[in-house]
Amino acid sequence: ESAARALATELGVKVSKIKFKPEILISDLASGLGDVTVTGRVIFIYPLQRFIRQDETKGMVRHLLIADKSGAIKVVLWDEKADLQGLEETTGRIVRFSHGYVRRGLDGKLELNLGSRGEIQIQPQDISDDEYPPLTLYTKGIGEITGKEGSVKVIGAVELINPVATFKRQDGKEGKVRRIELRDKSGQMTVVLWNEKVDEVGDIK
């Protein structure tokens with residue numbers, strides 16, 4: 001933007017009324033870009049992970065999948081950004097990620113990373129919800145699932161609920177598992193919930 005304004009001034013072009021958009025589309029991202037701002041609808045949120053660095057300090061990381069009209073990308077949040085209050089309830093909502101940097105992940109795909117300089121704004125007031133693809137665009141019908149997917153999002157009605165079962169892990173701790181039957185217009189399948197996911201579902205009806 002600065003280079004464009006400098007050139008315009010040199011050529012005698014007035015640009016005072018031009019508003020540059022500080023964001024770019026997901027499809028325009030490239031590895032190595034820094035100080036990037038991207039806005040998208042949150043499609044999926046992965047669980048918070050805690051780890052110990054080589055210098056023995058504690059760290060946290062969380063992955064999200066977001067999408068705009070041009071495509072989707074994984075967002076990697078580090079440390080305090082990964083544990084931001086209210087973040088776990090953002091599935092389906094519009095979120096703006098500012099001051100991030102882009103690099104390739106272990107799978108070779110681009111990722112947007114947010115560290116200590118990053119900023120997160122949930123449901124920005126200057127953004128129209130209609131500008132972003134609906135959450136249902138990224139879901140699969142139960143009958144479409146092949147079993148080859150790495151991960152999948154489905155929406156359905158609960159047909160049957162089995163009781164919670166407990167078991168002993170190899171480390172001696174107690175674990176929990178619960179099975180429910182989920183149905184949509186394309187089919188029915190069993191959903192298996194483990195440990196903390198059993199608690200998240202709660203007293204489902």
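The accessible surface of the chain comes to about 13,600 Å², and 51% of it belongs to carbon and sulfur atoms (areas from the Shrake-Rupley method with a 1.4 Å probe; for residues, only the protein chains shown count as cover). The model is a predicted one, in which local features need pLDDT of at least 70 and side-chain atom pairs count only at pLDDT 80 or more, while totals for chains, interfaces and linings use all residues. Residues are numbered from 1 along each chain as its sequence is written, and side-chain values use heavy atoms, with hydrogens and water left out.

The chain holds two helices and eleven strands (DSSP runs numbered from the N terminus: H or I of at least four residues for helices, E of at least two for strands). From the N terminus on, the order is α-β-β-β-β-β-β-β-β-β-β-β-α. The chain is more spread out than a compact globule, because its radius of gyration is 21 Å, well over the 17 Å that the globule rule gives for 205 residues (taken over C-alpha atoms; the rule is 2.2 Å times the number of residues to the power 0.38). Along the principal axes, the C-alpha atoms fill a box of roughly 75 × 50 × 30 Å.

Of the 205 residues, 32% are buried (under 20% relative accessible area, with exposed over 50% and partly exposed in between; 1.4 Å probe, protein chains only). Among contacts with a separation of 6 or more, 51% come from residues 24 or more positions apart (contact means heavy atoms within 4.5 Å).

Arg 178 is buried without a salt bridge, and the nearest side chain of opposite charge, Asp 203, is 5.4 Å away (a salt bridge is a side-chain nitrogen of Lys or Arg within 4 Å of a carboxyl oxygen of Asp or Glu; Lys and Arg count as positive, Asp and Glu as negative, and His and the chain ends are not counted). The Arg 178 side chain instead reaches the backbone oxygen of Asn 162 at 2.9 Å and that of Gly 202 at 3.5 Å.

Glu 181 also lies in strand 10. Glu 181 is buried and has no salt bridge, with Arg 179, the nearest side chain of opposite charge, 7.4 Å away. The side chains of Glu 181 and Gln 188 are joined by a polar contact of 3.4 Å (N or O atoms within 3.5 Å; within protein, one must be able to donate a hydrogen and the other to accept it, and residues adjacent in sequence count only if both atoms are side-chain atoms).
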